[in-house]
Amino acid sequence: IVFSGKKRRLTIIECGCDINTMIDLAKVADLGAKLFYLSGMVHGEYQKQEIHNLGRFISVMKFRPLTWQTSHPYVLADRMEELTNPEDV
């Protein structure tokens with residue numbers, strides 16, 4: 001989900017309960033030092049008050065680049081495909 005405004009653009013990525021996924025996602029996140037816990041979905045939607053509280057928290061916080069992030073380049077890929085012809089290998 002992408003939210004954008006005049007001064008800020010936010011991308012929210014839902015992360016599973018796998019610690020390796022959390023670590024990988026924290027490498028590319030500006031908020032990687034924060035963990036937001038939502039109690040779960042009800043009828044396919046998150047609870048309105050929790051999302052409201054999350055939005056209020058994000059809107060007032062100041063973003064600082066993380067030391068790890070500034071010293072390591074990264075790529076976030078949704079899908080990778082091998083395009084090399086098997087006969088060439």
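Is Cys15 buried, partly exposed or exposed, and what is its relative accessibility?

Modeller: Before the answer, please keep in mind that this is a predicted model, in which local features need pLDDT of at least 70 and side-chain atom pairs count only at pLDDT 80 or more, while totals for chains, interfaces and linings use all residues. Residues are numbered from 1 along each chain as its sequence is written, and side-chain values use heavy atoms, with hydrogens and water left out.

Cys15 counts as partly exposed, because its relative accessibility is 29%, and the classes are buried under 20% relative accessible area, exposed over 50% and partly exposed in between, with a 1.4 Å probe and protein chains only. The structure holds zero disulfides, a disulfide being a pair of cysteine sulfur atoms within 2.5 Å. Cys15 is therefore in none, since the nearest cysteine sulfur, that of Cys17, is 7.9 Å away. Cys17 is likewise in no disulfide, its nearest cysteine sulfur being that of Cys15, and with a relative accessible area of 82% Cys17 is exposed.

For the setting of this part, the protein chain has three helices and four strands, which are DSSP runs numbered from the N terminus (helices: H or I, at least four residues; strands: E, at least two). Read from the N terminus, the elements run β-β-α-β-β-α-α. Helix H1 covers residues 19-28 and includes Met22, which is partly exposed at 32% relative accessible area. Of the chain's 89 residues, 7% count as buried.
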